[in-house]
Number of protein chains: 2
Amino acid sequence: MAGIKDVAAHAGVSVATVSRVLNDSPRVSEETRDKVQAAMRALRYRPNAVARSLRTEATQTLGLIIGDILNPFFAVLARAVEDEARAAGYTVVIGNADERPEQQDHYVRTLLEQRVDGLLICPTAEITPLVEDCVRSGAPVVFLDRTLPGLEVPSVRADGTEAIHDLVRHIHRLGRRRIAFISGPELLSTGRERTRAFHDAMRACGLDVPGRYVEAGDFQAASGRAIAARFLDLSEPPEVIFAGDNLMALGALDEIRSRGLRIPDDVALASFDDVAWFAHLDPPLTAIAQPAEELGRRAVRVLLDRVEGHPVESVVLPARLVIRRSCGETETK
Amino acid sequence: MAGIKDVAAHAGVSVATVSRVLNDSPRVSEETRDKVQAAMRALRYRPNAVARSLRTEATQTLGLIIGDILNPFFAVLARAVEDEARAAGYTVVIGNADERPEQQDHYVRTLLEQRVDGLLICPTAEITPLVEDCVRSGAPVVFLDRTLPGLEVPSVRADGTEAIHDLVRHIHRLGRRRIAFISGPELLSTGRERTRAFHDAMRACGLDVPGRYVEAGDFQAASGRAIAARFLDLSEPPEVIFAGDNLMALGALDEIRSRGLRIPDDVALASFDDVAWFAHLDPPLTAIAQPAEELGRRAVRVLLDRVEGHPVESVVLPARLVIRRSCGETETK
DNA sequence: GTGCGTGATGGAAACGATTACATGGGAGTG
DNA sequence: CACTCCCATGTAATCGTTTCCATCACGCAC
């Protein structure tokens, strides 16, 4: 494949000049510029970004490590990150950690070796030595969606506390009292936060939370279904099931349907995480929406600030309650 | 950041030896190997893949250009491609073309400059000069999901012809005759194929297809909804609406619901493209499933064969009819 | 005419790895 | 003892850029 040297030879100039044309430096005469560009076209020259990066120590590439691209929440995040990065002249390499720490590490290692200019990580539960290590050694990392305790890393995430309060109040106003919660893993910051907010919100409304009304799943559909089943088998089953993420909500939905129960008449359902097709379900699902696009875009901006050496601060955006019909009709209707 | 030279100095050996340890060449004594590895750990050495790629002319990276990561079909595809590539020691850079030719070109250009070892493209409608150009100049490209006429590029895709015949027969057996089709853009190979297969299948069953029962959408939800509305407004509306992709099916679903019509009693609905949550709809949607994971995996294998210079052949995998309840209960029930 | 600033261009070092080739020492063999 | 072979290791060229510095020609002022 043609290199800068071939172009230089073909145009009868030096490689330095070709390079200057490439980076459109002003110190090239109109005439030479044309000559060089003609040579480039003639030889179908394509700059070699690898060589360029070696020299400039910058790859114009960002790494993004997410839990799973098949989870619509992460898909939206990834899309937003990519859009924002492209606008800033960067390419994004996405790594699917599949929620497994060792696979997360695999990507951290690989992306670092590829010398990405910055790294966006949605951390899995545990702090791995590798992650801790490269954070300490100053790698430009920003955490997205989740945080890890004890590490001084800027993060961009949503806070669902307020929205969970809104949800509990909404349900309370509709006259339901017994609310059960399918929580997430204690190990994930998002899991802990939501559970805590749920308890707080219930207390604030003067509602009781029996121990058997809260069970932790693993953010996967199967656990949502199993836990919903246990809730419904209780001698005094809940009037509302609130799932801690979209996949567990799906599992709960299946369990409810398979028992022939009607939503919301027999049991109401709500979910943390809003995904596009919740609106197309029958009935449409009431859910708490995270500002995923905004999170993705902000994360890129924070990361790039960091890369450029500016001081950066963590960002926390509020989640928002989206009332549909799965908890009953609202009083305003 | 520490380089191979620093490691060499720290271990008291030459850079060549360090490099040999790195690539675990057998021509290094046990003893030196340990010394070098100790030095690497001490200096937190991370190999620089950029430099390595420059020298070896291989990046161990594959490019994947898809229509839109938010479309579940592409998400599954991307996930499979990534898994298979990782297993083979490659990283994947995903580019979202957003179905826009110029954005597709942006990624083709960028990825080529980054010197990816191979390129997987789900081409948008048009052949762009750039794509044509690099295909002709022998870039290792494989088309995925769609093909472009007139270009000799190996492709990996699904064929829905058989499944569409199955679907039409299925509907026919259930006693419905008037089937309308929301087809895809004529410009896309997938769009053309499905339309053609639909006509053939109808003819084979002895069913008539009035001109106003086929309308082309753009594979987006809004067009599906609009076209469904026109079908339903016909003086003799269809008994079944068959949508050419999952997004248009969604649009049609919304339109049907908003009119208070029941599925399948008032009108049946089926979709090309099966996505996970179709099974969770009420009623679960009958759909034609493409073997997306398999497509992704095979595409990587074909591409890698190509990269390694082996002769390769295009792959066509059959799509499969998945009968659920949105066209009515099957006779076997 | 000499000196100098300016603007365009070229020469060559560097980036961090890989690798062909050279070197040197120890063991084995006659 | 001398010769050879082999194994471990080192030296240096190389990949395709960018960029610092030098060079050269030109015009202008003194």
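The following legends describe close-up views of a predicted model.

In this predicted model, local features need pLDDT of at least 70 and side-chain atom pairs count only at pLDDT 80 or more, while totals for chains, interfaces and linings use all residues. Residues are numbered from 1 along each chain as its sequence is written, chains are lettered from A and ligands numbered from 1 in the order in which they are written, and side-chain values use heavy atoms, with hydrogens and water left out.

**View 1. The open sheet of chain A is built from six strands.** Its strands follow the order S7-S6-S8-S9-S10-S12 with mixed pairing, where strands (E, at least two residues) and helices (H or I, at least four residues) are DSSP runs numbered from the N terminus, and two strands pair if DSSP finds at least two bridges between them. The edges are formed by strand S7 (214-216) and strand S12 (320-322) of chain A, each of which pairs on one side only. Neighbouring strands of this sheet are turned by 15° against each other on average, direction ignored; axes are lines fitted to C-alpha atoms, for helices over the stretch in contact, and angles run from 0 to 180 degrees between N-to-C directions. Helix H8 (residues 161-173) of chain A lies across S6, S8, S9, S10 and S12 of chain A, running at about 35° to S12(A), and helix H10 (residues 221-233) of chain A lies across S6, S7 and S8 of chain A at about 155° to S6(A); contact here means heavy atoms within 4.5 Å.

**View 2. Strand S8 of chain A pairs with S6(A) and with S9(A).** The pairing of S6(A) and S8(A) is parallel over four bridges, and A:Ala180 has A:Ile241 as its bridge partner in S8(A). S8(A) and S9(A) likewise pair in the parallel sense over four bridges, with A:Ala243 standing opposite A:Ser271 in S9(A). In a regular strand the side chains alternate between the two faces of the sheet. In S8(A), A:Val240 and A:Phe242 point one way and A:Ile241 and A:Ala243 the other, and all are buried, that is, under 20% relative accessible area, whereas exposed is over 50% and partly exposed is in between (1.4 Å probe, protein chains only).

**View 3. Helix H11 of chain B is largely enclosed by the rest of the structure.** This helix (residues 246-258) has 13 residues and reaches 18 Å from its first C-alpha to its last, close to the 18 Å expected at 1.5 Å a residue, the expected span being 1.5 Å times one less than the number of residues. Eleven of the 13 residues of H11(B) are buried, and their cover includes helix H5 (72-87) and strand S6 (179-183) of chain B. At the start of H11(B), a side-chain oxygen of B:Asp245 reaches to within 3.3 Å of the backbone nitrogen of B:Leu247.

**View 4. Residues of chains A and B surround DNA strand D.** The surroundings of DNA strand D comprise 28 residues, and the closest are A:Ser19, A:Arg52, A:Arg55, B:Ser14 and B:Thr32; a residue is near the strand if one of its heavy atoms lies within 4 Å of it. Sugar and phosphate account for 60% of the atoms of DNA strand D that come within 4 Å of the protein. H4(A) gives the most to this surface, with five residues. A phosphate oxygen of DNA strand D is 2.6 Å from an N or O atom in the side chain of A:Ser19, while a base oxygen of DNA strand D is 2.7 Å from an N or O atom in the side chain of B:Arg55.

Methods
A polar contact is a pair of N or O atoms within 3.5 Å; within protein, one must be able to donate a hydrogen and the other to accept it, and residues adjacent in sequence count only if both atoms are side-chain atoms.
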